[in-house]
Amino acid sequence: MKYYRSSILVVLSLLILLIGQSSFVARAGAERKTKVHIVYLGEKQHDDPEFVTESHHQMLWSLLGSKEDAHDSMVYSYRHGFSGFAAKLTNSQAKKIADLPEVVHVTPDSFYELATTRTWDYLGLSAANPKNLLNDTNMGEEVIIGIVDTGVWPESEVFNDNGIGPVPSHWKGGCESGEMFNSSHCNKKLIGAKYFINAFLATYESFNSTESLDFISPRDFDGHGTHVATIAGGSALPSISYKGLAGGTVRGGAPRARIAMYKACWYLDSLDITTCSSADLLKAMDEAIHDGVDVLSLSIGYRVPFYPETDIRDGIATGAFHAVLKGITVVCSGGNSGPAAQTVGNTAPWILTVAATTLDRSFPTPITLGNNKVILGQAMYTGPELGFTSLVYPENPGNSNESFSGTCERLLINSNLTMAGKVVLCFTTSKRYSAVSSAARYVKRAGGLGVIIARNPGDTLAPCVDDFPCVTVDYELGTNILLYIRSTGSSVVKIQPSRTLVGQPVGTKVAEFSSRGPSSVTPAILKPDIAAPGVSILAATSTNSTFNDRGFIMLSGTSMAAPVISGVVAFLKARHRNWSPAAIRSAIVTTAWRTDPFGEKIFAEGSPRKLADPFDYGGGLVNPEKAAKPGLVYDLGLEDYILYMCSVGYNESAISQLASKKTLCSNPRPSVLDFNLPSITIPNLKDEATLTRILTNVGPLDSVYKVAVEAPLGVQVTVTPEKLVFNSTTKRVSFKVKVSTTHKINTGYYFGSLTWSDSVHNVTIPLSVRTQILQNYYDEN
């Protein structure tokens with residue numbers, strides 16, 4: 001009945017829209033229609049939150065004419081990290097309030113989407129080593145990780161507080177009661193849980209909270225929030241596996257760190273999606289800043305096209321700016337739109353943006369053909385061995401009127417007799433895992449016993465429903481199987497259970513789905529910043545989406561990689577409480593592995609597979625132990641961010657309100673190439689460019705560093721000076737980099753690196769340079 005009513009509403013809405021094209025009345029009605037707008041006022045002008053909120057109500061009151069209307073219109077008051085509010089306004093009301101001098105900008109609300117056992121051993125943080133970063137920082141016990149996501153399943157074992165000390169004294173938050181959730185669900189591990197739904201409800205007015213599957217509370221229906229919280233800071237649990245696969249101790253990166261959950265993403269039954277309002281996200285981040293989190297982790301993002309980082313519609317970038325100014329590192333997923341270039345999201349230069357790699361783990365599944373040839377596919381099949389069984393590929397032999405298809409998505413058109421009691425081979429070009437799950441469902445429904453899916457190499461794995469045998473192979477192996485089927489009239493196959501293979505010879509790769517750079521918003525800002533494991537990560541979930549009775553699931557995505565970095569940040573924050581978010585990012589980027597931990601080159605999955613470059617993985621694969629002792633860092637503060645905003649053309653009054661200080665940009669404006677990032681990206685080099693970087697010593701007091709350059713192909717790089725000397729009075733030293741091209745035509749990007757070394761520390765940043773002669777010619781003429 002619920003879906004029937006929704007269909008009627010859609011039809012009526014379309015009729016009204018069509019009539020409205022010629023109806024003055026409908027246009028007038030549309031003008032009176034309110035929707036949530038975010039009114040951004042920049043840095044707050046008063047320390048008293050109540051005073052800030054009252055000023056927001058006064059502004060609305062003056063616009064709407066009454067105190068009651070102002071109260072009804074207000075959705076949120078942002079009053080801790082920054083100043084602003086979300087309110088239900090018509091388009092004309094939004095325009096009037098945008099014209100007020102104290103308003104930076106007003107935009108309609110927008111919506112985001114949601115973007116382990118082996119991970120930490122792989123990254124060198126095994127609990128068995130008493131002298132590593134994990135144990136040196138008491139497993140991050142004094143650090144608070146804030147997660148903005150779908151909520152938390154508090155009964156999960158990963159939130160036990162066994163052996164954990166008192167809640168850190170800087171914590172000001174708490175636990176909010178709601179549907180099936182109250183303060184008793186929190187403890188010394190899960191120290192905070194709040195939820196933010198007002199903007200979501202104002203947009204989806206037909207949402208029925210009583211009938212909804214989601215919980216109107218911090219409780220997690222989707223399971224995504226619980227999963228990422230586990231990866232960042234879940235308590236250690238022994239002997240967790242998926243039916244024997246990927247078994248071992250599950251724990252978060254910082255297993256004694258405290259978790260605070262801010263639920264701002266909601267399941268919408270009518271569309272079967274989980275979505276996150278920008279206004280709700282901003283309020284969640286505002287509260288997290290007030291509550292005292294040390295790290296903010298968001299596995300959430302948009303798809304292209306992206307908003308500029310200074311656009312309030314990119315609520316994450318706005319909230320992150322104010323969080324970073326208050327010393328909170330903000331870690332975000334880069335998105336799952338790879339391997340296409342320019343798809344990376346969350347590109348604001350104050351955000352630590354994360355790409356996803358595989359682990360050194362695979363799940364080989366032996367497929368034995370009737371000619372005794374053994375092919376290793378990939379699967380998560382843990383059922384019994386499927387003995388030699390008839391193997392078929394549905395295709396029309398040319399003398400039949402029946403329809404056949406060996407395309408995975410079209411298996412449904414085959415008659416049941418084609419697949420019943422058999423193993424079916426099919427091919428798909430789809431990158432979505434739904435092609436695999438659909439094929440398994442079709443074959444099982446037809447009475448088939450298993451399916452072999454030939455698809456693009458590098459795609460991620462997941463178990464099929466009811467542990468149905470579904471094995472993936474690449475196109476080459478799939479073609480070999482097909483040739484065997486065509487060579488005999490009685491082809492058979494045997495499928496054995498999957499196994500877990502860890503360590504060499506399994507190589508590390510940037511996942512195909514991981515979004516790639518360069519940034520489509522500001523190409524001179526390298527994104528992503530860093531990569532971390534995000535493929536087939538085992539972690540806790542809600543019991544709504546579990547496949548084992550202890551409440552654990554394997555998921556893949558940059559959503560899983562971001563909390564890995566949040567866990568690493570927690571360690572660094574515990575070790576270096578006075579480091580800024582920029583210093584922490586620099587330490588992570590400049591010490592990263594550009595090979596895997598075994599010294600092998602890292603490839604990037606795609607078509608074709610290639611060696612990974614900075615647009616795939618930023619500085620490389622995170623190396624937590626090295627990041628704790630980087631030697632030097634590229635630091636940033638408020639003045640640097642102001643210069644950045646001037647360099648990309650943000651207007652002065654908006655910068656002044658954003659930063660809460662009067663700002664006049666220089667004329668000419670500064671170069672974005674001088675922004676003190678731990679990377680150098682030049683998207684439009686014609687002849688030559690000179691830029692400046694500043695290094696801060698965080699290592700031994702008396703240090704001497706020498707430079708080494710790996711120049712991009714066809715590019716000359718000169719560094720002045722070639723030696724940097726640090727002592728008790730000289731802690732910050734600048735250097736210049738002159739970059740010139742020998743190319744006479746427009747090129748793609750070429751890559752290199754610049755390293756400062758004192759023989760103990762190697763401080764490496766990536767160089768990315770593109771020659772653009774034709775574009776520069778038109779710009780100049």
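**A friendly note on the disulfides**

1. A disulfide joins cysteine 646 to cysteine 665, with 2.0 Å from S to S. Please keep in mind that this is a predicted model. The torsion of -75° about the S-S bond makes the link of cysteine 646 and cysteine 665 left-handed. Cysteine 646 sits in helix α19 (residues 638-647), while cysteine 665 belongs to the loop between α20 (652-659) and β33 (680-685), so the bridge ties together parts that are 19 residues apart in sequence. Both cysteine 646 and cysteine 665 are buried.

2. If the term is new to you, a disulfide is a covalent bond between the sulfur atoms of two cysteines. The structure holds four disulfides.

3. Now look at cysteine 408 and cysteine 426, whose sulfur atoms are 2.1 Å apart in a disulfide. The torsion about their S-S bond is about 95°, so this disulfide is right-handed. Cysteine 408 is in the loop between β20 (386-392) and α12 (416-419), and cysteine 426 is in strand β21 (residues 423-427), so parts that are 18 residues apart in sequence are tied together. Cysteine 408 and cysteine 426 are both buried.

4. Cysteine 175 and cysteine 186 form a disulfide too, with their sulfur atoms 1.7 Å apart. Cysteine 175 and cysteine 186 lie eleven residues apart, each in the loop between β6 (144-149) and β7 (190-195). Here the torsion about the S-S bond is about -100°, so the disulfide is left-handed.

5. The cut-off for buried is under 20%.

Key. Residues are numbered from 1 along each chain as its sequence is written. This is a predicted model: local features need pLDDT of at least 70, side-chain atom pairs count only at pLDDT 80 or more; totals for chains, interfaces and linings use all residues. Side-chain values use heavy atoms; hydrogens and water are left out. A disulfide is a pair of cysteine sulfur atoms within 2.5 Å. Helices (H or I, at least four residues) and strands (E, at least two) are DSSP runs, numbered from the N terminus. Buried means under 20% relative accessible area, exposed over 50%, partly exposed in between (1.4 Å probe, protein chains only).
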